[in-house]
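Dear colleague,

Please find the structure below, handed over for your records. The notes after it concern contacts between side chains.

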Amino acid sequence: MYICHGIVILAVLLWASSTAFAEPYFGFHRGTRTLGMGGAFTAVADDQNALYFNPAGLARTEGFRLGILNPQVEASEDAIDLFNDMSDIDMDDSKAVADVMRQYVGDNNHVKVATEFYTGFRAGSAGVMASALGQATADIRIRNLVNPVAQINAVADYGIMVGAGMDIPYVDGLKVGATLKSIARTSINEDYTAEQIADDNFEDIIDDDQEDGTGISADIGVLYTTSALKVTDLNLALVAQNVPEMDFGDAMDAKTQFNAGVALSQKVMGMTVTEALDIYDFTENASDDDSLEKRLHLGVELALPAVLSVRAGLNQGYFTAGATLNFKVVKFDVATYGEEVGVVGGQKEDRRYVAQISAGWF
C-alpha cells in the first residue's frame, strides 16, 4: 500500500506526541467546508459531503455535479513547526533525532492528504452520487523525555462510495438515503525509538508493521425539513454510519456510529444563513470516551450572493473558521479547526489548517 507508506514516511519527518492522549479521529472523509463549520453537517448535507455525513441530503442536490480534481492537504500547527526543525538535522544521527523528539514531548502533530473524484445527478425525486476517494492520515506521538519513543498511528483508505437520497412520497419534507462503501485500508499503530528511526532500514520496518484489510458497509440517513417556522427552515437529521461495523481484518476497524443533527436556514437579502448543531456517536458505541463535549459540533455558514461563503463554529469546544471562493468550475476552500486529542474535553487542543482546490461542475 504505497499511499500509506508515503504518508507514514512523511509523518516520520513531522513526528507527534503524547503522554495522555485519546485515539485520533479517523473518519472516511471530512470535507474542508464541513471542517470550517465545526463538523456540524448532518442536518445541513446538501453537496458531495452528504455521502460521508448524511446520504439523505443527496435528495437536495440538483442537476449534474462533477469533481475531477479535489486535492486536500491538512497539517497541525505543531507539525508545521516540527517539519522546519527536522529539516535542519541529519536523520541518520540517532542522537540528533532524539534531541528533536524531546522538544516535542507532550505535543500532537498531525498530517493528512486526500483526493476525491465524484459525480452525481438528479433522477426524478432522487439524487445519486458516486465517489472514488483516496486519503491518508497520520498522528505520531512522542513520550518519555529521557528515552523518547514515537508512536505512529496512521491510516490510509481508498475505495468507492455510491449513495442515493430520495423524497418520501406523501410525507412532505421527509428524505431518506443510503451510501454503500467498499474500502481498502492500511493502518499502523506501533512505537519506535530514535535508534530505529535513524536506522537505514526504517522503511522496511514500517512496511513489516503495516496491516491491511478490506471492508464493506453502509451509512443510512434520515432528514426532515419543515418551513412551519415562518422565519426559518428547520432541519432534523439522524444517521447510522458503518452498518454493519467495517471489519478490516488486521487493520483498524470502523465501528458503527450514530449521529444526530439539527440545522436552521434563512434567506436574507439574497444571502443564505445556516446554523447547525451535531452530536456524534451519541450512543457511545464507536468510542469508550464518555465526554459529551468531545461529541458536540456547532457551526454557522453565510453564503453570499456572489462567489464567497464564510463559516465559523466549534469543534469539540475549539473554534473553527473557513471560507470558499467558488468560480463555478474552480473552487478554493480553506479552514482551521481544533481537534481534542486529550482524554476529556478541553484538555489538549491540536490546531489544524486545511486547504483544498477543486475543479469540476458544482
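Asp 99 and Lys 95 both belong to helix H5 (residues 94-103), where four residues, about one turn of the helix, separate them; helices here are DSSP runs of H or I with at least four residues, strands are runs of E with at least two, and both are numbered from the N terminus. The two side chains form a salt bridge with their closest N and O atoms 3.2 Å apart, the term meaning a side-chain nitrogen of Lys or Arg within 4 Å of a carboxyl oxygen of Asp or Glu. Asp 99 is partly exposed at 30% relative accessibility, whereas Lys 95 is exposed at 57% (buried is under 20% relative accessible area, exposed over 50%, partly exposed in between, with a 1.4 Å probe and protein chains only).

Please note that this is a predicted model, in which local features need pLDDT of at least 70 and side-chain atom pairs count only at pLDDT 80 or more, while totals for chains, interfaces and linings use all residues. Residues are numbered from 1 along each chain as its sequence is written, and side-chain values use heavy atoms, with hydrogens and water left out.

The count of salt bridges comes to 17. In one of them, Glu 339 pairs with Arg 30, the closest N and O atoms being 3.7 Å apart. Glu 339 lies in strand S14 (residues 330-340) and Arg 30 in the loop between helix H1 (2-14) and helix H2 (32-36), so this pair ties together parts 309 residues apart in sequence. Glu 339 is buried at 4% relative accessible area, and Arg 30 is buried at 8%.

Glu 301 forms a salt bridge with Arg 311, with the closest N and O atoms 2.6 Å apart. Since Glu 301 is in strand S11 (residues 296-303) and Arg 311 in strand S12 (residues 308-315), the pair ties together parts that are 10 residues apart in sequence. Both residues also belong to a network of salt bridges with Arg 33, Asp 46 and Asp 47.

There are four aromatic pairs (rings of Phe, Tyr and Trp, the last by its six-membered ring, with centres within 6.5 Å; planes under 30 degrees apart are stacked, over 60 edge-to-face and the rest tilted). Among them, Phe 41 and Phe 53 have ring centres 5.5 Å apart and planes at 70°, so the pair is edge-to-face. Both Phe 41 and Phe 53 are buried.

Yours sincerely
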